[in-house]
Amino acid sequence: MEYNVQMTVNGKAVSGKVEARTLLVQFIREHLRLTGTHVGCDTTQCGCCVIHVDGVAMKSCTMLALQADGKSILTIEGLAAADGALHPMQQAFRDHHGLQCGFCTPGMVMMGVDIARRLPGADEKTVRHQLEGNICRCTGYQGIVEAIMDASAKMHAAKA
Amino acid sequence: MLPAAVSSVDALKADSPKVWPEFGTNEVVHWEYGEAAKVETLLRSAHRVVKVDLVNNRIAPAPMEPRVVAAKYDAAEGRLTVWSPTQGGRRIQMMLARTLLKMAPDKVRVISIDTGGGFGVRSKMFPETAMVAYAARQLGRPVKWLGDRAETFVSDYHGRDQINHAQMGLDRDGKAFVLKVETLLNVGAYLSENGLRLPMEGGGRIIPCGYHIPDFYFSVKPTFTNTVCTDTYRGAGRPEANYLMERLMDKAAETYGLPREEIRRRNFIKPSQFPYKTHLGFVIDSGDFAGTMEMALEHSNWAAFEERRGRSAARGKLRGIGLAFFIEGAGSRPVEGMRVRFEDNGDVSVIAGTYSHGQGHATVYSQLVHEFLGVDYDKVRLINGDTGTSPEVSNGTFGSRSSMVGGGGVKRACDAIIVKGKKIAARLLQSDATRVTFEAGVFRAQTSSVTMADVAAAARDPNKLPDGMAPGLDEYVVYENDTENFPNGAHVAEIEVDPETGVVEILNYVAVDDCGVVLNPFIVHGQIYGGIAQGIGQALTENIVYDAEGQLLSGTFMDYGMPRAGHFSHIDARFNAMPAKTNELGVKGAGEAGCCGAPPAIVSAVVDALGSYGIKHIDMPLSPERVWRAIQESRVNKAA
Ligand code: FES
Ligand code: FES
């Protein structure tokens, strides 16, 4: 049986028909064709699939599409400004060599934005701990941690 | 349930189940290097002999992108296109075309777009690739297979899985002179592409790993078991070799009552010994092994460690410090095609036989073209990863080779472009080619000048060319070198063990690497950090485990311990750059250094922390459980 879902994705109203078991990440990747959100595991461990649901980081592989009905979703595709200017978190990943193969990066960036929002001024140890649910095989995390701390500082400075 | 042989030790027992009963044994082959009898005699003559028995744990390479293959067949044209993450598609194309599907190679195209991590495992041909391609051709329909993580665990080749028994004989002064290494390699149930040769060719070529030990016997027994095949994983034989040498050196230090740095000092190959031929005939051209180690000791404040140990003890923690020296062999199979092409719009394309999947080739090649030809950095484009456009010779990216073969290829192509460019410029400037100079993108003769862009444009116009010159300024070179290069380094890890939980926390990590000339420090550091993370993963958290029936128990990220951000501290990475003398850029590969240095440095540190318990060694991974158990056992032994 199929169900209708409606949600806002990256500022646009979208709708579609899904099965009860359709995962949110499947809806995003296969129905909406937004393939920036990645799938790296099948056990909610890697965080390649992190998106924001109503402004909060979520693993989209661990939510049903139906659970997102009526919600506002932000994926990596919606993070940059309309004119293409990178979000400070994306720019910081670039500045600090926070990615190599790039597969973990969408989830890392979305998680980084969430960490910056929740824990302004978080120290290195805190950021590392907050990344518990995001695995990167390439970078050794050093550039990622530096990027999140740098972007976080810039995002808060911009707000102040 | 059929009986199974899971470990190489068990598989070699007479009564073990045979993976291939028709062979009557699980021993694939017994390779030897050196003279066994002579080495035995020398060992008997030694002042002291130190021995280690080591398990080099089985690892899942685990690129974050699970394996995937899609294929499409165009029946009218007889063309097959395959999309899959690889480390360079040419080999896959050739195997599909020639060996498996019996098609003309130019009818098979393999495309890799943004491969999500390679680490050796993505350079391989897998059965699913062949099956998907075959199905697409048979059905005339696009076919796609997407492995989930669980499937990737049981079908991607694994890495390491060696058992090493090593003995080293030393003289009165702690100078080693004889080495014997016996290695069992678990190859899995089939022969993978390269797995078999890793201990001997991968590791053996660098043994004794930066130390001068004149006599060496090496025995390698690759063994079939009922497990997933093993093959190249970042380092591919060199981490195993360095690990056993460094455990031997620590053992020797303990036996002689010498500091760990001192036993190494006494045994290093000295700068005056370069070029130095290793036992297997590879020639190390350069290095400053002792100096590199001194830098690591200095930056880790090694000398003042005991005071820090005391501070931790006051908090109930066991602090330890560990040292590892290592040497690598990088730039394997040093042949690669590289093309530099001038586009109509003024861009310059580098069409590379290498394939960047996170190593930053677009950055580094652009930087090089900018440096050599004076072309704007932003105007240089990298084209790679598609056998439809890549050069005829395209071996791909593996074995820390791209800086030397790719960078060297760019250099040679640019040199040829400048030579040809001078001839064209001479004609434009009405001068003689021998009097034309080239610097920063400008050709000059006396007071007049033309730019590289002017010359590239003129090169398209036969009227503007010297007589007999073929149009175009593009160059294609097949880079060849007769040697690889030998990166090396010294790593110091400082850790704390919580004796109540067995948890190891890394407090400080200093890596001093000699990667030769550093083309881009940002990118080389990135490679070092990533390699260290994988080495720390092997040392602390990662382990592929099978039960006695051959069932994979560590088949998801829930039970296979991928290292996370919180497992590390900030890594202090530095260089002691000794330019390689055997390639024009002076580079030494950086990709696999980290995972050679980290495992012995971490194990050395943990054993140092547990010294008061009399613990001399724990096999990797040093998980909280293993460390805690070792502590409990030693308490029981002490009480008894
Ligand atoms: S895909 Fe791995 S946590 Fe979602
Ligand atoms: S950049 Fe490759 S997994 Fe993180």
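Predicted model: local features only at pLDDT ≥ 70, side-chain atom pairs only at ≥ 80, totals over all residues.
**Where the chains meet**

Let us start with the interface. On the chain B side, 42 residues are in contact with 29 residues of chain A. The size of an interface is often given as the accessible area lost when the parts come together. For chain B and chain A that buried area is about 2700 Å², with carbon and sulfur atoms giving 57% of it. Within chain B, the residues that lose the most area to chain A are M64(B), R564(B) and A565(B), which together account for 25% of what that side buries.

Charge pairing also takes part here. Side chains of opposite charge can pair when their charged atoms come close. The rule finds 2 salt bridges across the interface of chain B and chain A. In a salt bridge between the chains, the side chain of E505(B) meets that of K125(A), at 2.9 Å from N to O. Over all chains, a search of the whole structure gives 48 salt bridges.

Another salt bridge lies inside chain A, where R118(A) pairs with D114(A) and the closest N and O atoms are 2.7 Å apart. Both residues belong to helix α3 (residues 105–118) of chain A, and because they are 4 residues apart there, about one helical turn separates them.

| Helix pair | Axes come within | Crossing angle |
|---|---|---|
| α7(B) and α8(B) | 8 Å | roughly 115 degrees |
| α2(A) and α5(A) | 8 Å | roughly 140 degrees |
| α11(B) and α12(B) | 10 Å | roughly 30 degrees |

Take α11 (residues 361–373) and α12 (residues 402–428) of chain B, whose axes cross at roughly 30 degrees. That angle makes α11(B) roughly parallel to α12(B). The crossing of α11(B) past α12(B) is right-handed. Residues of α11(B) in this contact include Y365(B), L368(B) and F372(B), while those of α12(B) include G406(B), G407(B) and C414(B). Sorted by class, the contact has 9 nonpolar, 4 polar and 1 charged residues.

Helices α7 (residues 238–256) and α8 (residues 260–267), also in chain B, cross at roughly 115 degrees, and are therefore roughly perpendicular to each other. Here too α7(B) passes α8(B) in a right-handed crossing. From α7(B), the residues E246(B), M249(B), D250(B), A252(B) and A253(B) meet R260(B), I263(B), R264(B) and N267(B) of α8(B). By class this contact has 4 nonpolar, 1 polar and 4 charged residues.

In chain A, α2 (residues 88–95) and α5 (residues 142–159) cross at roughly 140 degrees, so they are oblique to each other. Their crossing is right-handed. Among the residues making the contact are M89(A) and F93(A) from α2(A), and I144(A), I148(A) and M155(A) from α5(A). The contact of α2(A) with α5(A) has 9 nonpolar, 1 polar and 1 charged residues.

**Backbone details in chain B**

Some loops of chain B deserve a look as well. I207(B) and P208(B) are joined by a cis peptide bond with omega of about 10 degrees, and P208(B) sits in the loop between α6 (198–203) and β9 (215–224). The peptide bond from F274(B) to P275(B) is also cis, with omega near -5 degrees; P275(B) lies in the loop between α8 and β10 (276–277). Finally, D114(B), a residue other than glycine, has a positive phi near 50 degrees. D114(B) is found in the loop between β5 (108–111) and α4 (127–139) of chain B.

Technical notes: Residues numbered from 1 in each chain as written. Chains lettered and ligands numbered in written order. Heavy atoms only, no water. Axes fitted to C-alpha atoms, helices over the stretch in contact; angles between N-to-C directions. Helix = DSSP H or I, 4+ residues; strand = E, 2+ residues; numbered from the N terminus. Parallel < 35°, antiparallel > 145°, perpendicular 65-115°, else oblique. Left-handed = near helix turned anticlockwise from the far one by under 90°. Contact = heavy atoms within 4.5 Å. Nonpolar A, V, L, I, M, F, W, Y, C, P; charged D, E, K, R; others polar. Buried area = accessible area lost by both parts, 1.4 Å probe. Salt bridge = Lys/Arg side-chain N within 4 Å of Asp/Glu carboxyl O.
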